[in-house]
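Have the viewer open as you read.

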Amino acid sequence: MAGPMSVLIPPAQRQTVDEVAEALDLGRGHVVAKRSGFLILLVLSAVIAICGVLADSTATVIGAMIIAPLGTPILGIALGLVTGHLSLVIRSILWVLAGLAIVIVLGFLFAIVVIDPASLDTNSQVVGRTSPGLLDLLAALATGTAGAFAMSRRDLSSVLPGVAISISLVPPLGVVGVCVGEGAWDAAFGALVLFLSNVIALVIAGSIVFTMGGYARDPG
């Protein structure tokens with residue numbers, strides 16, 4: 001790898017494709033530990049996000065975004081596309097769908113069980129996630145780029161929590177569940193569109209960075 005990319009991803013700091021795959025593939029290495037850790041963090045993140053949404057608490061929602069693990073299989077999709085590993089793509093998509101279902105169901109249950117949730121019409125956590133726009137897409141593209149760079153470089157792993165805060169994955173799914181539980185179908189659809197657009201943006205950005213980083217030529 002030469003030219004500008006050698007500056008962005010210095011050879012001395014570049015993760016090998018096996019190292020990146022080890023971090024992003026939930027079906028590789030210590031599978032049971034990886035998957036149990038993913039599910040535990042996902043459920044905890046979902047509960048925190050949903051509580052933050054129902055309480056209309058920005059600080060609580062940010063806490064959920066820090067530990068949200070959905071970025072792992074999403075970037076796994078990008079890596080699988082770049083390296084031509086269809087099994088990794090399919091496996092990662094299934095984990096994203098599983099995460100989607102878990103968070104939405106939890107949001108639905110909370111909306112039914114929790115007494116007097118905040119009005120959806122005036123809840124800033126709901127309103128802000130039901131009308132996705134161009135800025136949301138641009139933020140997702142930038143976040144995907146940052147996340148892929150952080151995965152590609154050994155010296156940037158410390159920035160991953162900050163990257164997680166920049167992207168909205170679990171909170172909009174929590175909003176979907178809460179809105180479905182309250183019968184607000186239009187708002188639920190808007191939040192789902194925000195999530196899906198963020199996923200697509202992350203995959204596109206991740207694929208570009210992994211390709212530029214030379215992983216397509218080094219499929220492992």
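Which residue lies over the face of Tyr215? That's Arg14, at 4.4 Å from the ring centre (a charge sits over a ring if NZ of Lys or CZ of Arg is within 6 Å of the ring centre and within 35 degrees of the ring normal).

A word on the ground rules: this is a predicted model, where local features need pLDDT of at least 70, side-chain atom pairs count only at pLDDT 80 or more, and totals for chains, interfaces and linings use all residues. Residues are numbered from 1 along each chain as its sequence is written, and side-chain values use heavy atoms, leaving out hydrogens and water.

**Aromatic pairs**

Searching the whole structure turns up two aromatic pairs. Rings of Phe, Tyr and Trp (its six-membered ring) pair if their centres lie within 6.5 Å; planes under 30 degrees apart are stacked, over 60 edge-to-face, the rest tilted.

| Pair | Centre to centre | Angle between planes |
|---|---|---|
| Phe38 and Trp95 | 5.4 Å | 75° |
| Phe210 and Tyr215 | 5.8 Å | 80° |

Phe38 and Trp95 are both buried, as are Phe210 and Tyr215 (buried means under 20% relative accessible area, exposed over 50%, partly exposed in between, with a 1.4 Å probe and protein chains only).

**Nonpolar cores**

The largest nonpolar core has 39 residues, and Leu70, Ile74 and Phe195 are among those with the most contacts inside it. Such a core is a set of buried Ala, Val, Leu, Ile, Met, Phe, Trp, Tyr and Cys residues joined through side-chain atoms within 4.5 Å. Another core, of 16 residues, lies apart from it and includes Val20 and Phe149.
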